[in-house]
Amino acid sequence: MKKQFPDQFTWGGATSSYQIEGAWNADGKGPSIWDVFCMIPGKVHNGDTGNVACDHYHRIAEDVALMKQIGLKAYRFSISWPRILPAGRGAVNQNGIDFYNKLIDQLLEAGIEPWATLYHWDLPAALEFEIGGWLGEEISDAFADYAGVCFQHFGDRVKNWITINEAWVVSILGYGLGVFAPGRTSNAAPYLAGHNLLKAHAKAVRLYREKYQPAQHGQIGITNNCDWREPLTDTAADKAAAERALEFFLAWFADPIYKGDYPESMKTRLGSRLPEITPADRELIFGSSDFFGLNHYTTMYAADAAEGAAAGSVYGNGGLSEDQDVSLSVAPDWALTGMQWAIVPWGCRKMLEWIAARYDNPPVYITENGCAFDDKLEDGQVHDVARIAFFEGYLGEIHQAIQNGVNMRGYFIWSLLDNFEWASGYSKKFGITAIEPETLRRIPKDSALWYKTVILNNGLNL
Ligand code: PNW
């Protein structure tokens with residue numbers, strides 16, 4: 001069966017700076033909160049760090065050639081803030097500008113559209129020390145100033161900008177559960193961090209629209225992550241619990257942008273822990289995204305926990321589930337990836353349909369989707385059949401969502417390369433390309449060859 005995607009559909013691959021670049025202190029780069037977090041014993045599996053990672057910093061030519069060979073139409077990478085501004089604010093590091101210029105130029109030469117994310121978690125450590133990171137009042141202006149440096153230097157060639165990657169992860173895992181940098185725990189800080197992330201995003205967008213977009217003609221938006229929440233039973237209570245869980249996950253950030261305020265369920269349950277969106281904030285944030293960026297990985301059942309104890313996921317992706325009175329679970333027959341995330345392709349379709357219904361069918365890009373498996377490198381090959389099956393399942397449901405009217409514009413595989421998987425270190429492999437230990441040689445897996453044919457056919461041939 002043929003599943004044809006729309007003309008002009010953007011087929012891409014994604015990575016992020018800290019996860020692949022290495023060169024953590026080369027050529028004037030300042031330290032990020034992830035450089036520091038990795039130094040703290042016990043924070044990252046096996047004591048792994050991003051000091052070398054895939055050494056992408058020194059292998060641009062090789063990596064762009066790999067993307068060209070796979071046939072990527074677009075490449076989503078992130079810019080390391082402390083490589084551009086080593087102290088977070090003030091002096092610009094020209095070597096950092098040169099590095100991204102080289103990457104962008106080589107992508108364009110290879111016919112690959114650059115998609116730049118401005119913040120994929122590697123905050124300059126100076127800003128954590130000096131103003132409390134995302135809890136600091138000055139952080140949104142600092143971010144907008146940094147964004148301006150990027151628009152100024154790269155905006156003549158970069159036409160697709162993502163401000164913030166996954167404000168939910170930054171807030172909940174970084175400032176609530178403390179499992180990601182900067183490792184703080186609190187039940188109030190995440191909501192303040194989230195508020196400042198929204199303001200930072202919106203200030204960068206305002207600057208782009210006022211000063212750069214008229215001449216540069218690019219698009220700018222934010223990428224949020226959300227897993228689907230399926231009601232455990234048909235009861236009204238479980239249906240409401242699933243809806244509430246989605247509101248605490250995605251509508252937390254999308255409602256202010258598309259509706260001008262936080263969801264009612266969050267305001268009621270969080271009280272003064274949730275900052276108020278003032279008229280000035282609303283003016284700034286409402287309408288501040290040219291497209292809807294979504295990172296999607298998995299699905300869980302949600303049940304009302306008002307009567308019992310809320311149960312989150314041990315992997316953190318329930319968030320602060322006691323705030324929501326939601327209990328999460330998975331069906332025993334759902335297959336799991338190496339992250340213990342369930343493989344539920346139909347959840348992706350329901351997620352997309354929920355977004356289309358709630359936000360009036362905005363243009364959507366899935367800016368990450370993928371899976372970790374315990375791949376085996378044998379005779380220089382990786383036969384990752386489970387990963388191909390995962391992608392076929394998810395893309396099949398995305399195709400169905402398009403048939404059902406969802407305004408899908410593009411899809412980025414996470415990830416182009418096996419890389420530093422945050423607190424899991426190098427133990428979790430998401431890539432369609434393996435990295436040979438020691439030599440760091442790139443070895444396309446079977447899924448990379450499979451993806452090449454999907455892109456060539458502009459769809460699936462099942
Ligand atoms: C995303 N959760 O992280 C990131 O954008 C990537 O950098 C990362 O490599 C990828 O997904 C795979 O993990 C997430 O707990 C981390 O729900 C954790 C969660 C979601 C996304």
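These exercises work through a predicted model of one protein chain.

**Exercise 1. Overall build**

Find how many helices and strands the chain has, and decide why it counts as compact.

*Solution.* 
Step 1: Count the elements. The chain has 16 helices and 15 strands.
Step 2: Take the radius of gyration, which is 21 Å.
Step 3: Look at the extent. The C-alpha trace spans about 55 × 55 × 50 Å along its principal axes.

**Exercise 2. Inside and surface**

State what share of the residues is buried, and describe the accessible surface and the charges.

*Solution.* 
Step 1: Of the 462 residues, 63% count as buried.
Step 2: The accessible surface comes to about 16800 Å². Carbon and sulfur atoms hold 51% of that surface.
Step 3: Turn to the charges. There are 39 positive and 56 negative ones, and their mean positions are 3 Å apart.
Step 4: Check the contacts. Among those between residues at least 6 apart in sequence, 77% join residues at least 24 apart.

**Exercise 3. Aromatic rings**

Classify the ring pairs that phenylalanine 390 makes with phenylalanine 391 and with tyrosine 394.

*Solution.* 
Step 1: Know what to look for. A pair of aromatic rings is described by the distance of the centres and the angle of the planes.
Step 2: The structure holds 51 aromatic pairs. In one of them, the rings of phenylalanine 390 and phenylalanine 391 have centres 5.7 Å apart and planes at 85 degrees. An angle over 60 degrees counts as edge-to-face, so this pair is edge-to-face. Both phenylalanine 390 and phenylalanine 391 are buried.
Step 3: The rings of phenylalanine 390 and tyrosine 394 have centres 4.3 Å apart and planes at 20 degrees. Under 30 degrees counts as stacked, so this pair is stacked. Tyrosine 394 is buried too, like phenylalanine 390.
Step 4: Widen the view. Ring pairs link Phe390, Phe391 and Tyr394 into a cluster with Phe5, Phe9, Trp11, Tyr411, Trp450 and Tyr451.

**Exercise 4. Arginine 59**

Is arginine 59 buried or exposed, and where is its place?

*Solution.* 
Step 1: Arginine 59 is in the loop between helix H2 (33-39) and helix H3 (60-70).
Step 2: Its relative accessible area is 18%. Buried means under 20%, so arginine 59 is buried.
Step 3: List its partners, leaving aside neighbours within four places in sequence. Arginine 59 is in contact with Cys54, Thr439, Leu440, Arg441 and Arg442.

Technical notes. Residues numbered from 1 in each chain as written. Predicted model: local features only at pLDDT ≥ 70, side-chain atom pairs only at ≥ 80, totals over all residues. Heavy atoms only, no water. Helix = DSSP H or I, 4+ residues; strand = E, 2+ residues; numbered from the N terminus. Rg over C-alpha atoms; globule rule 2.2 N^0.38 Å. Buried < 20%, exposed > 50% of the residue type's maximum accessible area, 1.4 Å probe, protein only. Contact = heavy atoms within 4.5 Å. Areas by Shrake-Rupley, 256 points an atom, 1.4 Å probe, with all protein chains shown as cover. Lys, Arg positive; Asp, Glu negative; His and termini not counted. Charge placed at Lys NZ, Arg CZ, Asp CG, Glu CD. Phe/Tyr/Trp six-rings, centres within 6.5 Å; stacked < 30°, edge-to-face > 60°.
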